[in-house]
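Dear colleague,

I am handing over the structure we spoke about, and it is shown just below. Please look through it before reading on, as my notes follow it.

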Amino acid sequence: LTRKYRGNQRDLARARNAKKQGNDKGKKADDGMSAAARKLRDAEIMQQKQKKANDPKPADEKAK
């Protein structure tokens, strides 16, 4: 392909990929929650993860 067409192919490929990905130039998916509610939900999830990581495992699992 010549230079003229290669630039056009890039643009077309970008457009096809953006359509396939379904993104609108970096807009976040709206989950219907306010920022404060989202913050509380995320904090709760992180606390659960932290608790799970800090819980001592039974002796059976440590031996494996």
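This is a predicted model: local features need pLDDT of at least 70, side-chain atom pairs count only at pLDDT 80 or more; totals for chains, interfaces and linings use all residues.

Below is what was found in it, going from the whole chain to single residues.

Among the elements, helix α2 has the highest mean pLDDT, at 93, whereas helix α3, which covers residues 59-63, has the lowest, at 62.

As to the overall build, the chain contains three helices and zero strands, so that reading along the sequence gives the pattern α-α-α. What share of the 64 residues counts as buried? The figure is 0%, a residue being called buried when its relative accessible area is under 20%. The accessible surface of the chain amounts to about 6700 Å², and carbon and sulfur atoms account for 51% of that area.

Helix α2 runs over residues 35-54, which makes 20 residues, and the distance from its first C-alpha to its last is 28 Å, close to the 28 Å expected at 1.5 Å a residue. Why can α2 be said to lie largely in the open? Because the number of buried residues among its 20 is zero.

Turning to contacts between charged side chains, the structure holds two salt bridges. One of them joins Arg14 to Asp11, with 3.5 Å between the closest N and O atoms. Both of these residues belong to helix α1 (residues 3-21), where they are three residues apart, or about one turn of the helix. Arg14 counts as exposed because its relative accessibility is 56%, and the cut-off for that class is over 50%; Asp11, with a relative accessible area of 46%, is partly exposed.

Another salt bridge is formed by the side chains of Asp42 and Arg41, at 3.2 Å from N to O. Asp42 is partly exposed, its relative accessible area being 33%, and Arg41 is likewise partly exposed, with a value of 33%.

With best regards

Methods. Residues are numbered from 1 along each chain as its sequence is written. Side-chain values use heavy atoms; hydrogens and water are left out. Helices (H or I, at least four residues) and strands (E, at least two) are DSSP runs, numbered from the N terminus. The expected span of a helix is 1.5 Å times one less than its number of residues. Buried means under 20% relative accessible area, exposed over 50%, partly exposed in between (1.4 Å probe, protein chains only). Accessible areas come from the Shrake-Rupley method with a 1.4 Å probe; for residues, only the protein chains shown count as cover. A salt bridge is a side-chain nitrogen of Lys or Arg within 4 Å of a carboxyl oxygen of Asp or Glu. pLDDT is the predictor's confidence in each residue, from 0 to 100.
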